[in-house]
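Subject: Handover of a structure, with findings

Dear colleague,

Please find the structure below, passed to you for your further work. A summary of the findings follows it.

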Amino acid sequence: KVAFISKVYYPLWLVPWEERCLVVDGLGLSSYRAEYAKLPDLNLFIEDLKRSGVVSRDFKETLDRHSETFRDFEAFADISVNGLITRKGLLDAFVKYFGKGSFIEEGSNEDSALIPPKLGEDDALETSRKVMNLWRLIRADWKGLEQALNVLYERVELHERGINCEIERIREEYERKASNLRPVIDEKVKKLAQKRDAEVRKVEKATEKRLKSAMKKKERCERRLQRLERNEIFILKRIEHFKRKGKDVKVDYWNSKLRECRREIKEVEREIKAVSDQIEAITREGEEKVKEVEKRFQEMISQEESKIKELEALCDSEIEAKQKELKELKSMAERIAEDIKELIEKKKAHASSLREETSIPLKQDETVLAYIPLYLVKYEGEEEKVRYSLHPPMLASSHNSLLKKIRKVWSFSLESRIKLLISPFSKDLEKMLNSALIERMSKDEVFREKIDKMCCSNNLLGARDFGRLLTDGINQLKRRELVKLDEAMAILEQYGGVKK
């Protein structure tokens, strides 16, 4: 037996949030749990950076101390928001439904069928404030992280300027030292060059004197050799002369003279060779002594000139150390900056997802109480057994496509064919309403009695024109061939005679 069929309205609060709005369950049965990631102490980090001053060593110690500070969030906290509806399927359904302006005006005839909300406007605003405050807190977190990042970059830039100034000072200082040292070195090099040239001249003069003596000796030997060679020619002519005359004694005499002359020639040639070797040795010795002098003085000159190069090397070494120090500082800072940037992106993503998860793209100027219409049916059986059935907003198929489907399944039951005719506007909405009403009514007797009382006072079966409306509706379904005649008569017989 059907005790009542009542059209009632489920309350929802729509709270504006910029260009969107939050949907709060009027009965407070929904809830939302969000996780808040707590940041490290940004103020401490910023104060430490500022306290590090302009001393690179202090700044490096600060960076080293905070190398792990932003690797992850410090802690996570669960935040529970009562009454907020966040299921995506539900929110999508609300966008479609409320986007058409489906609200009930205050004072309308349907006021009596409104399920009274458990959460008032202040409660809805408080629920919304929790979400908005969380969203603002997340935004403040990422703004705070951006500030910390800017301070970090500012301190890096400050130390970079300081180190670059220090490098410039080092360069100028060594340039000044080199400038003062250069004239002194040039003067020493000049004097060393003069001493070198003097010693070279002395060696060359001594070598020249020895060469001159050897050359004179060689010249004497060469003149003697020339005389001996002329004498040899003369002796050979004499030998030929006496041979023609057949004077053997004379020939023997001049042959002995020839042998003696040639012996002397060989002795003189040996002397000339010895003197020539001596001249080469003196020349070589002189050249070696000159090279030795030049080498010795070049070493002293190079030693003096190396003082400038040593200054330049010291300058380069100090500059390289400063550049290495700057590179290390920037590398340490950049690692921290990357960690901060990653946390910023996580906070931005959280803020964005929080808006998407908790609100719908529906602009409202003020907080309004909206209602979802539904039909609640109560069935009473034997032994006081009671069953409730809920029918949320439905979608009807088009007439032409519906006829094709109905004709294919004409042999099916009326209930099966009706399911082809209509379908839930949103399955998520249907689940929510069943959970909020049917399940709660089975557990909460006070709530069930309140709903029963409201539905009984708005029982469609007792409406004055219910019989006429039902008859008109059944006749339309018959004309469209959506119900069979016997089905139509059974419905009219069961419900058409009900009086208020």
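Strands β1 and β2 run antiparallel and are joined by six bridges. Please note that this is a predicted model, and that every value in this message was computed from it.

**The β1-β2 hairpin**

Within the pairing of these two strands, L14 has V23 in β2 as its bridge partner, and W13 stands opposite V24 in β2. The hairpin that β1 and β2 form has two residues between the strands, and E18 takes a positive phi near 55 degrees there.

As a general point, strands of a sheet pair through backbone hydrogen bonds, in either a parallel or an antiparallel sense.

- β2 and β5 pair in the antiparallel sense over two bridges; in β5, I360 is the bridge partner of C21.
- β1 and β6 run antiparallel and are joined by 12 bridges; P11 stands opposite Y371 in β6.
- β6 and β7 pair in the antiparallel sense over six bridges; in β7, Y388 is the bridge partner of K378.

**Salt bridges**

How many salt bridges does the structure hold? The number is 38.

The side chains of K363 and E19 form a salt bridge, at 3.9 Å from N to O. This pair links distant parts of the chain, since K363 is in the loop between β5 and β6 while E19 is in the loop between β1 (2-17) and β2 (20-25), 344 residues apart. K363 counts as exposed at 52% relative accessibility, and E19 also counts as exposed, at 52%.

A second salt bridge joins the side chains of K307 and E304, at 3.2 Å from N to O. K307 and E304 are three residues apart in helix α5 (residues 248-358), so about one helical turn separates them. K307 is partly exposed, with a relative accessible area of 30%, whereas E304 counts as buried at 13% relative accessibility.

Helix α5 also carries the pair of E338 and K341. The closest N and O atoms of their salt bridge are 3.7 Å apart. Because E338 and K341 are three residues apart in helix α5, about one helical turn lies between them. E338 counts as partly exposed at 40% relative accessibility, and K341 is partly exposed with a relative accessible area of 31%. Elsewhere, salt bridges that share partners join E47, D48, R51 and R65 into one network.

**Charged surface patches**

Which residues form the positive surface patch given here? They are K212, K216, K217, R220, R223, R224, R227 and R230. Among them, R223 is placed in helix α4 (residues 121-245). R223 counts as partly exposed, at 44% relative accessibility.

A negative surface patch is formed by E121, D122, D123, D365 and E366. One of these residues, E366, is located in the loop between β5 (359-360) and β6 (368-380). E366 is exposed, with a relative accessible area of 55%; the cut-off that applies is over 50%.

Yours sincerely,

A colleague

Key
Residues are numbered from 1 along each chain as its sequence is written. This is a predicted model: local features need pLDDT of at least 70, side-chain atom pairs count only at pLDDT 80 or more; totals for chains, interfaces and linings use all residues. Side-chain values use heavy atoms; hydrogens and water are left out. Patches are made of residues with over 30% relative accessible area and no salt bridge: like charges are joined within 9 Å, nonpolar side chains (Val, Leu, Ile, Met, Phe, Trp, Tyr) within 5 Å. Accessible areas come from the Shrake-Rupley method with a 1.4 Å probe; for residues, only the protein chains shown count as cover. A salt bridge is a side-chain nitrogen of Lys or Arg within 4 Å of a carboxyl oxygen of Asp or Glu. Lys and Arg count as positive and Asp and Glu as negative; His and the chain ends are not counted. The place of a charge is taken as NZ of Lys, CZ of Arg, CG of Asp or CD of Glu. Helices (H or I, at least four residues) and strands (E, at least two) are DSSP runs, numbered from the N terminus. Buried means under 20% relative accessible area, exposed over 50%, partly exposed in between (1.4 Å probe, protein chains only). Two strands pair if DSSP finds at least two bridges between them.
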